[in-house]
Amino acid sequence: MKRIVLLRHGQSQWNLENRFTGWTDVELTDKGMEEARIAGRLMKKAGIAPDYYFTSYLRRAIHTLQIAAQEMERDWVPVVKDWHLNERHYGALQGLNKAETAKKYGEEQVHIWRRSFDVLPPLLTPDDPRYPGNDPRYAALSADELPLSESLQDTIGRVRCCWEEFIVPSLRSADTVLVAAHGNSLRGLAMMLQHLTATEIVDVEIPTGRPWVFEVDDRMNLLRQYYL
């Protein structure tokens with residue numbers, strides 16, 4: 001039996017301010033750091049001892065992982081950082097307050113952008129300061145890989161790359177891995193593990209800072225899943 005633990009990062013500053021965050025690199029709040037500490041304690045108490053860690057290029061996920069790993073006294077475990085685990089890119093909505101955006105565009109339209117499987121939010125332009133091509137951490141990516149906006153479907157498509165290239169191969173030699181990432185990228189992993197449909201995955205809500213454990217066999221067939 002193998003275990004894959006999904007951990008959504010703790011509350012970030014823009015979560016608190018009710019802003020679309022996406023690839024914007026914002027810090028955890030004090031509450032978010034405490035959520036990460038509690039997650040680490042829960043995993044340690046449950047006897048979960050990851051052999052590998054995976055996280056995104058965004059500090060709210062990286063710091064959540066670091067804090068939780070310290071609490072587990074397993075901060076020496078190897079870490080793979082992969083941009084494919086980044087949050088969904090919300091395009092031109094990034095940085096906007098969600099309530100104010102709903103007033104401007106209508107609640108129904110904002111709901112469609114947020115909850116549809118294959119609908120893109122408004123696109124950035126490459127000359128926008130928020131364009132990820134301006135960020136040195138993405139300097140190795142091609143223009144085709146740099147999003148101007150993403151649907152949930154797009155996000156899950158790139159998460160699959162990390163799943164197939166790094167996470168699954170690591171489980172050939174490891175018993176437990178921990179993925180500290182974001183609501184939408186973790187939805188992608190949950191969709192693959194549970195074989196959910198496009199309709200089912202859009203309704204999945206993943207709480208911040210609460211470890212979600214998937215027990216699988218050697219062929220990645222799901223045996224059991226539960227929250228700590």
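**View 1. Y138 is a buried residue.** Its relative accessible area is 3%. Buried means under 20% relative accessible area, exposed over 50% and partly exposed in between, with a 1.4 Å probe and protein chains only. The model is predicted: local features need pLDDT of at least 70, side-chain atom pairs count only at pLDDT 80 or more, and totals for chains, interfaces and linings use all residues. Residues are numbered from 1 along each chain as its sequence is written, and side-chain values use heavy atoms, without hydrogens and water.

**View 2. W23 and Y138 form a tilted aromatic pair.** Rings of Phe, Tyr and Trp (its six-membered ring) pair if their centres lie within 6.5 Å; planes under 30 degrees apart count as stacked, over 60 as edge-to-face and the rest as tilted. W23 sits in the loop between α1 (13–16) and α2 (30–45), and Y138 in the loop between α5 (107–115) and α6 (152–170), so the pair ties together parts 115 residues apart in sequence. Helices (H or I, at least four residues) are DSSP runs, numbered from the N terminus. W23 is buried too, at 6% relative accessibility.

**View 3. W23 and Y138 belong to an aromatic cluster.** Y57 and W83 complete this cluster. The structure holds 7 aromatic pairs.

**View 4. W212 and F214 form a tilted pair.** Their ring centres lie 4.8 Å apart, with the planes at 45 degrees. Both W212 and F214 are buried. Across the chain, 52% of the 228 residues count as buried.

Definitions and conventions
Helices (H or I, at least four residues) and strands (E, at least two) are DSSP runs, numbered from the N terminus.
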